Number of protein chains: 2
Amino acid sequence: MRITTVGLDADDTLWHNESIFRLTQDRFRALMAEVAAADALDARLAEVERRNLALYGYGVKGFTLSMIETAMEITEAKAPARIIADILAAGREMLTHPVEPLPGVRPALADLAKDYRLVLITKGDLLHQEQKLAASGLGELFAAVEIVSEKDASTYSRVFARYGTGAGEAAMCGNSLRSDVLPALEAGAYAAHVPYPLTWAHELAEAPVGHPRFAELPSISALPEWVRGLS
Amino acid sequence: MRITTVGLDADDTLWHNESIFRLTQDRFRALMAEVAAADALDARLAEVERRNLALYGYGVKGFTLSMIETAMEITEAKAPARIIADILAAGREMLTHPVEPLPGVRPALADLAKDYRLVLITKGDLLHQEQKLAASGLGELFAAVEIVSEKDASTYSRVFARYGTGAGEAAMCGNSLRSDVLPALEAGAYAAHVPYPLTWAHELAEAPVGHPRFAELPSISALPEWVRGLS
């Protein structure tokens, strides 16, 4: 078996993302404290996000709109207007948040880039993901960048066919079992799970125990050795 | 000269877009009528959109956030909360607006697809552009779809190299001189301008009079003959 191409997820694999959403949600709770209980607010936001996912997709702009909608719903359209202005500001800050590679990311990618074609495969807002990649300084390590609206088996088949030599000669690495690991395995690729301490409820899934093309890695630093061992 | 690839813009070239933004802006004016004069509101919205463009990019979600921000600014955060709920609803309706190809689009594309590789090249929200293409029923006519955050000469060089045989053997068609015509010409491609009755102020530019690779076409129905005449 020959591996030519390594796909990498971006958010929470290369840099922090979910923690920034959680911090913003904490701020949203504080903003709304005078008009809504934290638990009820969290539950309503989760419901609004789920409802809007098919329409807004993934990313900060949709999340900002969902926070505003939640604030309207839970107060029966009586949220103080300054809360809305504060939610807009919180969304803008998420979009301009500094991007720093997670520990071990740069050396692991630099090592892999010597022998493999690296492809960034990520969901989210197109412009924001491009901006984060540029800010991370990791851009030149990637042979290709594919920002997609959904990660399913056909996404991985298409991307690995276009930028590599097919899913059968590719390995995917990411923090989400649901988005990075299971559909990549289904497409015929190898897949490594590198957990991030926080996972968005929407991304939770069961690990594929005993799958011959799957590995659970303690950190991205273990990725180069695992990929080389596949050949 | 051989032409292998035809690039097509989507919004206002294949289907209505600006007119939907204008209708939504009319609705925004009506919603805000009790708290803001129409002229001042329009000017403020244009200013907020311009300020947010680098952060939000193009598309409905950013426009919705900019309308909310405008409502907050112009009322000094005293906009009635129900207005915010109505702006959110207006944004959602833009995202679910029916998509119908403009007159002449389907026959022109079907004709071109027999002899050329068609590539859709469009700005905007990734998910929404994919949804509009699916809803239009035109998807199967395209060999590739590239949704980009900005349309400059390097975008066209990259896309025509990846999906065709380079910009020198490609023709681009769209309604925006600024985004579809001038940068495609700069990249070395041919370019045809098919005007749409409305143009967003941000997209206005001067036509490249007398340029040897440029044509102004009265409608997309004239595109197949023009492209065939280049070979």
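Start by selecting Glu203(A) and whatever sits around it. Setting aside residues within four places in sequence, its contacts are Ser176(A), Arg178(A) and Ser179(A); two residues are in contact if their C-beta atoms, placed from the backbone, lie within 7 Å. You're looking at a predicted model, where local features need pLDDT of at least 70, side-chain atom pairs count only at pLDDT 80 or more, and totals for chains, interfaces and linings use all residues. Residues are numbered from 1 along each chain as its sequence is written, while chains are lettered from A and ligands numbered from 1 in the order in which they are written.

Now pick out Arg178(A) too: 25 residues separate it from Glu203(A) in sequence, yet their C-alpha atoms are 5.5 Å apart. Helices (H or I, at least four residues) and strands (E, at least two) are DSSP runs, numbered from the N terminus.

Is Glu203(A) buried or exposed? It counts as buried, because it has 21 C-beta neighbours inside 10 Å (buried takes 20 or more other C-beta atoms within 10 Å of its own, exposed 12 or fewer, partly exposed in between, with C-beta atoms placed from the backbone).

Zoom out and show both chains. Here 25 residues of chain B are in contact with 25 residues of chain A. On chain B, select helix H2 (38-56), helix H3 (60-74), helix H4 (81-95) and helix H6 (126-136): each gives at least two residues to the side touching chain A.
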